[in-house]
Amino acid sequence: MENQYRCADSRDHDSLGNTVLHALVIIADNTVENTEFIVRMYDEVLIRDTRLALKGEVSLEAFENKHGLTPLKLAAKMGKIGLFRYLVQREFTDEETKGLSRKFTDWIYGLIHSSLYDMISIDTSEENSVLEIIVFGNTIKNRQEMLQVEPLRSLLEEKWQRFASRIFLVNFLVYVVYLGIFTTVDLSRKEGQPPFPVENTPLDWFRCIGELVIVLGAVYFFIKGIVDFKRKPPRIKSMYNDGFNEITFFLQASLLLVCTVLYVFGWRAYVGPLVLSLALAWINLLYYSRGSKVLGIYNVMIQRIILSDIFCFLIVYLVFLLGFSAAVVTLIEEDPLDQALNRSQTLESRKPTFNNIRFTALELFRFTIGIGDLEFKDQMEYIEVFYILLIGYIMLTYILLLNMLIALMSATVERVSRESKSIWKLQRSLTILDLERSLPLCLRNRLRSGVMKTLCLPTGIRTCFR
């Protein structure tokens, strides 16, 4: 760079638009030795480029690659936390290089000092900001730790205290009212062939208004779910940290819209999607536990147990249940007299037998939870084989699988308890940015964090966060 005969162009870039600073970010690996080397080279290149740059030229650090990422944003997107922490907290004391700082000591009183952090590229006032990249970047493995780096941690806390907590409380109260209307309408639904005519009574008018409200709410949740999925595509691994509330809200809305279509076309099967949507609506009330630290951490543990332990348990259990059910159905032959009696009866009055795999699976499930009935086995031809199947099934499911599930859940709670607080903070950060995006632009600018500070720098006024 300082060779007068063959000077290296520090502002050159590759086919992807990456400069030398981008390249340094890419080869960082978060180890202490590597981070120290990258930081030293990063500063050397940046300082020399600033000295050689012409007056009025854009800083090398502000160059974006073809993905619209500066070196700072690239470090955030790739999870290079060691280099990222240094870049957002970099402070130079020399007058010549002070303008390259992102952290400024405002005042010092003994051991107490106040720092100002430069908000350029960090806050959500810019498109594709660092905060949005980390919060919505479900491919970043260590984004919980990155959100604890200052000034991100204090910035999110300030946003929550300033406006997000109040909006979140209002949303919670609105959803409780919506849930109350939803439940009341479902409990007072009419019997018979839909669609039902509107009677000229106050009670029936209130029911129709309630139905309209819950359908409009379903449309809102459906559209919001599509927007969220486009911005942050759901991934199985990311659900461990982000939770699955966006998916359950979307399923709730989809089932209710399917119920509405069936109701309009006069199908009595509309009741099935309706009650499933109601059950999900009550489960989704747990989403608002993010506003409380204790309930939020508890909800994180529940989500982890469902996604890891219970999900795996159900897969293995279904294999055993279907396998043993098929074996029992194959083993048992129905008595000819009972078979003739069942044929003579109507479809409604027929008694289910163990020749039906659905009935057999249900009975075996009852054995798993300890409420099965053994009286039917006395007239069985291959009773010894049946006992072998039954004892094997009970040992594998009731004794082995259930106790293994309890042990795994205990281990999960112990493991997750160490990181559940950071996961809860990540989920609350997602909520904060979602609430901020829902505000009108004028109100968003008014509630923006940071102060305009005049600094004795060539760049002049900067927006900083204290």
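Biologist: What makes β2 mostly covered in this predicted model?

Modeller: Buried means under 20% relative accessible area, and five of the seven residues of β2 are buried. That is why we call β2 mostly covered.

Biologist: Nice. How do you know that β1 and β2 pair, and in which sense do they run?

Modeller: Pairing takes at least two bridges between two strands. Six bridges join β1 (residues 103-109) to β2, so the two count as paired, and they run antiparallel. As an example, Lys 103 has Tyr 117 in β2 as its bridge partner. The two strands form a hairpin with two residues between them, and Gly 110 in the turn has a positive phi of about 65°.

Biologist: And what makes β4 a partner of β2?

Modeller: Two bridges link β2 to β4 (residues 461-465), in the antiparallel sense. The requirement is at least two, so this pair qualifies. Here Tyr 117 stands opposite Phe 465.

Biologist: Let's move on to Ile 120. Why is this residue called partly exposed?

Modeller: Its relative accessible area is 41%. Buried would need under 20% and exposed over 50%, so Ile 120 falls in between. You will find Ile 120 in the loop between β2 (112-118) and α5 (130-136).

Biologist: Which residues does Ile 120 touch, leaving aside those up to four places away in sequence?

Modeller: Those are Arg 102 and Glu 126. As for Arg 462, its C-alpha is 8.1 Å from that of Ile 120, although 342 residues separate the two in sequence.

Biologist: Finally, why is helix α4 described as largely enclosed?

Modeller: Six of its eight residues (81-88) are buried, so the rest of the structure largely encloses α4. Among them are Phe 84 and Leu 87.

Technical notes
Residues are numbered from 1 along each chain as its sequence is written. This is a predicted model: local features need pLDDT of at least 70, side-chain atom pairs count only at pLDDT 80 or more; totals for chains, interfaces and linings use all residues. Side-chain values use heavy atoms; hydrogens and water are left out. Helices (H or I, at least four residues) and strands (E, at least two) are DSSP runs, numbered from the N terminus. Buried means under 20% relative accessible area, exposed over 50%, partly exposed in between (1.4 Å probe, protein chains only). Contact means heavy atoms within 4.5 Å.
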